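Keep the sequence and the 3D view open as you read.

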Amino acid sequence: HRSCRIALRNDGPLAMLAGCATLFGTPRIEDAVASLSGFPILVVPLFLARGVTYRTLEARLSALACSDRIVLCPEFGRHPDLARRLSAHALGELRTLGWRSEETGLVLIGHGSRRNRASLQTTERLASKIGRMNVFADVAAGFLEAAPAVEEAVRASAARHVLAVGCFAESGRHATRDVPRRLRHSGRTTFYSGPIGASAWVDA
């Protein structure tokens, strides 16, 4: 449903979480904002990249009469600690599997939408940051709609094992159906840990 969190600020230094809203479902973003009449409002988009959906949210918020009270925060793919947390998440999966990190290639899988390059750039940026940590045998990005394709990125790994992580903010069709199907077509046995947006550590 492309979720957002809505927070309001009181006179103190802290923001109080008021609720959630969706762009394409209920509760609607317009209704959630209207319920906070008179307060400055922070909108936290649970999107990985500043793509088409982020721009849609931006436009809908700008059209509201109270838009001057609204602050739209950056997408969570911009979080400065995301690469470290994602790496720690992958290492936790390896411990469960009994794989050594120096023998494992990490493949981050993004949408790579043809309509907007934001998801591609976010996924590549995360892969580059994690690669510089020198934790895994190799780190690469693969995409559903851009190059390198998921299958190519998996096959290119020289590591003994391959762990794939979905760079998606939700457990939608791409993350739960398209990615596993493409991984099966890669010809290599790969463990897929699912989309990062569904991981408990994202809310931590």
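## Burial and the starting points

A residue is called buried under 20% relative accessible area, exposed over 50%, and partly exposed in between, using a 1.4 Å probe and protein chains only. Because its relative accessibility is 84%, Ala-65 counts as exposed. You will find Ala-65 in the loop between α2 (52–62) and β4 (70–72). Its C-alpha atom is separated by 9.6 Å from that of Ala-34, which is 31 residues apart along the chain.

Before going on, please note that this is a predicted model, where local features need pLDDT of at least 70 and side-chain atom pairs count only at pLDDT 80 or more, while totals for chains, interfaces and linings use all residues. Residues are numbered from 1 along each chain as its sequence is written, and side-chain values use heavy atoms, with hydrogens and water left out.

## The overall layout

The protein has six helices and eight strands. Both are DSSP runs numbered from the N terminus: helices are H or I with at least four residues, strands E with at least two. Along the sequence they follow the pattern β-β-α-β-α-β-α-β-α-β-α-β-α-β.

Of the 204 residues, 45% count as buried. Contact here means heavy atoms within 4.5 Å. Among contacts between residues at least 6 apart in sequence, 70% join residues at least 24 apart.

## The four-stranded sheet

Which order do the strands of the open sheet take? It runs β6-β5-β7-β8, with parallel pairing; two strands pair if DSSP finds at least two bridges between them. The edge strands, β6 and β8 (191–195), each pair on one side only. Neighbouring strands are turned by 20° against each other on average, direction ignored.

Inside the sheet, β5 and β7 pair in the parallel sense over six bridges. Leu-106 stands opposite Leu-163 in β7. Helix α4 packs on the sheet, where it touches β5 and β6, and its direction makes about 170° with that of β6. For such angles, axes are lines fitted to C-alpha atoms, for helices over the stretch in contact, and values run from 0 to 180 degrees between N-to-C directions.

## Helix α4 and the cores

Helix α4 (residues 118–131) has 14 residues. Its buried residues include Ala-118, Leu-120, Leu-126 and Ile-130. Among the elements that cover the buried residues of α4 are α3 (82–97), β5 (104–110) and β6 (138–143). Ile-130 touches Ala-83, Leu-86, Ser-87, Leu-106, Leu-108, Phe-136 and Val-139, not counting residues up to four places away in sequence.

A nonpolar core is a set of buried Ala, Val, Leu, Ile, Met, Phe, Trp, Tyr and Cys residues joined through side-chain atoms within 4.5 Å. In the largest one, with 21 residues, Leu-86, Leu-106, Leu-108, Leu-126 and Ile-130 touch the most other members. At least two residues each come from α3, β5, α4, β6 and β7 (161–166), and the largest share, five residues, comes from α3. A second, separate core of 15 residues includes Ala-21, Ile-29, Leu-36 and Leu-61.

## A buried histidine

Helix α3 also holds His-89. Is His-89 buried or exposed? It counts as buried because its relative accessibility is 15%. A polar contact of 3.5 Å joins the side chains of His-89 and Ser-193. Such a contact is a pair of N or O atoms within 3.5 Å; within protein, one must be able to donate a hydrogen and the other to accept it, and residues adjacent in sequence count only if both atoms are side-chain atoms.

Technical notes:
The expected span of a helix is 1.5 Å times one less than its number of residues.
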